[in-house]
Amino acid sequence: MERIQKLLKSNHQWAEQLKADDPEFFERLSESQTPEFLWIGCSDSRISPTSSVGMLPGEMFVHRNVANLVHHGDMNCLAVLQFAVEVLKVEHVIVCGHYGCGGVKAAFDDARYGLVDNWLRPIQDTMHKYEAELGKLAEYDERLDKLCELNVIEQIISVGETTVVQDAWDRGQTLYIHGWIYRIAEGIYRDMKITVRSLAELDKMRQETYRPKAETRPAVPG
Ligand code: CO
């Protein structure tokens with residue numbers, strides 16, 4: 001219980017400190033939010049999206065889950081995306097992965113943790129999609145780092161393939177999807193320089209990443 005009390009005490013100090021700098025801060029914040037950014041990142045406790053990029057409350061809309069995945073059947077993620085894009089009109093979606101992600105590693109190792117394995121399943125699809133590329137890397141850690149990066153690329157595609165984003169682009173709304181990756185041991189984000197801002201750019205990205213495996217595909221009977 002003491003540790004919980006400590007959280008509440010820290011919260012008071014944090015609020016006081018912000019008010020000391022800007023007495024009207026919370027009052028103003030209570031009236032509306034106008035964030036420019038939507039963050040889609042991993043739930044990992046070692047990552048602190050807003051404070052690590054110097055943002056204050058109100059500046060970033062945040063969605064987090066294990067391994068920063070965007071499943072097209074995930075109402076939670078889709079609702080966040082829809083609200084962020086259509087109501088808040090954010091201009092930038094940042095998909096942020098991180099090296100050493102436990103979720104990516106679990107999928108990579110084909111480990112069994114229970115229900116979460118189902119959630120992580122798309123990472124194994126990514127792993128198979130890029131089998132040849134991953135196979136070129138000699139060390140396990142290199143392959144895992146690469147898969148963490150590839151997972152970000154695949155999630156950018158996933159965000160771009162949602163009706164929410166495609167409708168926004170159709171309307172001519174400015175909407176960028178960025179890919180970042182974080183190294184916990186450094187505390188530094190790296191821009192993967194794979195920003196997508198239109199359906200044409202998304203198509204280009206899909207073409208570049210799609211590797212049909214015709215030789216392994218079973219022949220269609222009949
Ligand atoms: Co993670």
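Visitor: Which residues coordinate the cobalt ion, and through which atoms?

Guide: Before the site itself, a word on what we're looking at. This is a predicted model, where local features need pLDDT of at least 70, side-chain atom pairs count only at pLDDT 80 or more, and totals for chains, interfaces and linings use all residues. Residues are numbered from 1 along each chain as its sequence is written, and side-chain values use heavy atoms, with hydrogens and water left out.

Now to the metal. The cobalt ion is held by Cys 42 through SG, His 98 through NE2 and Cys 101 through SG, at 2.0 to 2.3 Å. Donors here are N, O and S atoms within 2.8 Å of the metal (3.2 Å for Na, K and Ca), and since water is not among the atoms, sites may look incomplete. Read along the sequence, the donor residues follow the spacing C-x55-H-x2-C. His 98 and Cys 101 are both buried; that label means under 20% relative accessible area, with exposed being over 50% and partly exposed in between (1.4 Å probe, protein chains only).

Let's follow the chain to Asp 44, in the loop between E1 and helix H3 (49–52). Helices (H or I, at least four residues) and strands (E, at least two) are DSSP runs, numbered from the N terminus. Asp 44 counts as buried because its relative accessibility is 14%.

Asp 44 also has a charged partner. Arg 46 makes a salt bridge with Asp 44, and their closest N and O atoms are 2.7 Å apart. By salt bridge I mean a side-chain nitrogen of Lys or Arg within 4 Å of a carboxyl oxygen of Asp or Glu.

As for Gly 97, it sits 60 residues from Phe 37 in sequence and 16 Å away in space, C-alpha to C-alpha.

Aromatic rings come next. The structure holds eight aromatic pairs. Rings of Phe, Tyr and Trp (its six-membered ring) pair if their centres lie within 6.5 Å; planes under 30 degrees apart count as stacked, over 60 as edge-to-face and the rest as tilted. One of the pairs is Phe 25 with Phe 26, edge-to-face at 5.1 Å centre to centre with 80 degrees between the planes. Phe 25 is buried at 8% relative accessible area, while Phe 26, at 26%, counts as partly exposed. Another edge-to-face pair is Trp 39 with Tyr 189, at 5.5 Å centre to centre and 80 degrees between the planes. Trp 39 lies in strand E1 and Tyr 189 in strand E5 (residues 188–191), so this pair ties together parts that are 150 residues apart in sequence. Trp 39 is buried, with a relative accessible area of 1%, and Tyr 189 is buried too, at 15%. Trp 39 and Tyr 189 belong to one aromatic cluster along with Trp 180 and Tyr 182.

Now for the other charges. The structure holds 16 salt bridges. Asp 117 and Arg 112 meet in one of them, at 3.8 Å from N to O; Asp 117 is buried with 16% relative accessible area, whereas Arg 112 is exposed with 65%. Glu 201 and Arg 197 form another, their closest N and O atoms 3.3 Å apart. Glu 201, at 27% relative accessibility, counts as partly exposed, and so does Arg 197, at 43%. Elsewhere, salt bridges that share partners join Glu 133, Lys 146, Glu 149 and Arg 190 into one network.

One last stop, on the surface. Met 1, Ile 4, Leu 7 and Leu 8 make a nonpolar surface patch of about 470 Å². Leu 7 lies in helix H1 (residues 2–21) and counts as exposed, at 57% relative accessibility. Patches are made of residues with over 30% relative accessible area and no salt bridge, with like charges joined within 9 Å and nonpolar side chains (Val, Leu, Ile, Met, Phe, Trp, Tyr) within 5 Å. Accessible areas come from the Shrake-Rupley method with a 1.4 Å probe, and for residues, only the protein chains shown count as cover.
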